Amino acid sequence: MATDLNVFITFHQLIKWSNIEAHPFGPFMFRNKLQSGIISLLCGSGLDPLKLWGVHGKGCIKRITDKDVQTLAIEITAAQFCTTCISLPRDKKNVIGIRLPYLTLNIKYLKLPFCFEFEVLDSRMTKRRFRLSNAQSGETRKTLLCHIPLALEEGWNNIQIDLFHFTRMAYGTDFVELQRLEIYANCRIRRIFISDRWYKEEELPKDYIMKKPTKLTRSILRKD
């Protein structure tokens, strides 16, 4: 099925994140909070990066130091990728409740099956779920679930999702808020954040910019 749902992936480039941190305030993490700029949902080098996240499955979820970018990241691996994941919020009865429409994930592709899902509330007050996976060969669109193929470069990828665009193109409705996010095996996660617009790299503090791979690493990554 032809699609206008575009996933923007910037290879080896960090776009943005913020000092605003999530807090588990009741069933709506952010709905009643001031929302502007950039909100960080996960930072691999944080003190307790999975504090707000649920951990599911029998695979391996751990924090490691990634040699390519020389920083801490969350690694999720499993023999069957769909059996192990982390989810936000931790409690399935809660929702994230963020109205900002631009979602960014700094993900390392491990040359293995991988997927992630997000759930939004639209202007019809209907929950719509989107599943993006490199194991998916074509798009399938149902009333409550949209499967979208995901093409990744070897190594670190910057995955940018325009939630307003996705919701409008898939269902002809308007995006209201992000309610849930699930990241499955197999990948490494540097950061996940959501923002009111796309930010340029030069707008970020230096501490937030991920180190570029060495020339040798780049050569290896481009070999295929």
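Trainee: What makes Arg128 count as lying over the face of Tyr171 in this predicted model?

Mentor: Arg128 is placed at 4.4 Å from the ring centre of Tyr171, and the cut-off for a charge over a ring is 6 Å from the centre, together with a limit of 35 degrees from the ring normal. The distance therefore falls within the limit, and the pair is listed as Arg128 over the face of Tyr171. Arg197 is likewise listed over the face of Tyr199, at 3.9 Å from the ring centre.

Trainee: Which aromatic cluster does Tyr171 belong to?

Mentor: Tyr171 forms one aromatic cluster with Phe114, Phe116, Phe118, Phe130 and Phe166. A search of the whole structure finds 7 aromatic pairs.

Trainee: Why is the pair of Phe114 and Phe116 called tilted?

Mentor: The ring centres lie 6.1 Å apart, within the 6.5 Å that a pair requires.

Trainee: Why is the pair of Phe118 and Phe166 said to tie together parts of the chain?

Mentor: Phe118 lies in strand β9 and Phe166 in helix α1, residues 163-171, so the pair ties together parts that are 48 residues apart in sequence. Both Phe118 and Phe166 are buried.

Trainee: How do you know that Glu117 and Arg131 form a salt bridge?

Mentor: A general point comes before the numbers. Side chains of opposite charge can pair when their charged atoms come close. For Glu117 and Arg131 the N to O distance is 2.3 Å, and the limit is 4 Å, so the pair qualifies as a salt bridge. By this rule the count comes to 14 salt bridges. Glu117 sits in strand β9, residues 115-122, and Arg131 in strand β10, residues 127-133, so that the pair links distant parts of the chain, 14 residues apart.

Trainee: What makes the contact of Glu182 with Arg129 a salt bridge?

Mentor: The closest N and O atoms of Glu182 and Arg129 are 3.6 Å apart, which is within 4 Å, and the pair therefore meets the criterion. Glu182 lies in strand β14, residues 175-184, and Arg129 in strand β10, so the pair ties together parts that are 53 residues apart in sequence. Glu182, with a relative accessible area of 9%, is buried.

Trainee: How do you know that Asp174 and Arg168 pair in a salt bridge, and are these residues buried or partly exposed?

Mentor: The N to O distance between Asp174 and Arg168 is 2.2 Å, and this value lies within 4 Å, so the pair is a salt bridge. Asp174, at 29%, is partly exposed, and Arg168, at 37%, is partly exposed as well. Elsewhere, salt bridges that share partners join Glu117, Glu119, Arg129, Arg131, Arg180 and Glu182 into one network.

Trainee: What makes the approach of Asp91 to Lys93 a polar contact?

Mentor: The backbone nitrogen of Lys93 lies 2.9 Å from a polar atom of the side chain of Asp91, and the limit is 3.5 Å, so the distance falls within it. Asp91 lies in the loop between β7 and β8, and its relative accessible area of 37% makes it partly exposed.

Trainee: How confident is the prediction, and which stretches have pLDDT below 50?

Mentor: The mean pLDDT of the protein chain is 83, with 78% of its residues at 70 or more. Over residues 10-26 the pLDDT is below 50, and this stretch has 65 contacts in the model beyond near neighbours in sequence. Residues 214-224 also stay under 50, and for them the model has 8 contacts beyond four places in sequence.

Key:
Residues are numbered from 1 along each chain as its sequence is written. This is a predicted model: local features need pLDDT of at least 70, side-chain atom pairs count only at pLDDT 80 or more; totals for chains, interfaces and linings use all residues. Side-chain values use heavy atoms; hydrogens and water are left out. A salt bridge is a side-chain nitrogen of Lys or Arg within 4 Å of a carboxyl oxygen of Asp or Glu. Helices (H or I, at least four residues) and strands (E, at least two) are DSSP runs, numbered from the N terminus. Buried means under 20% relative accessible area, exposed over 50%, partly exposed in between (1.4 Å probe, protein chains only). A polar contact is a pair of N or O atoms within 3.5 Å; within protein, one must be able to donate a hydrogen and the other to accept it, and residues adjacent in sequence count only if both atoms are side-chain atoms. pLDDT is the predictor's confidence in each residue, from 0 to 100. Contact means heavy atoms within 4.5 Å. Rings of Phe, Tyr and Trp (its six-membered ring) pair if their centres lie within 6.5 Å; planes under 30 degrees apart count as stacked, over 60 as edge-to-face and the rest as tilted.
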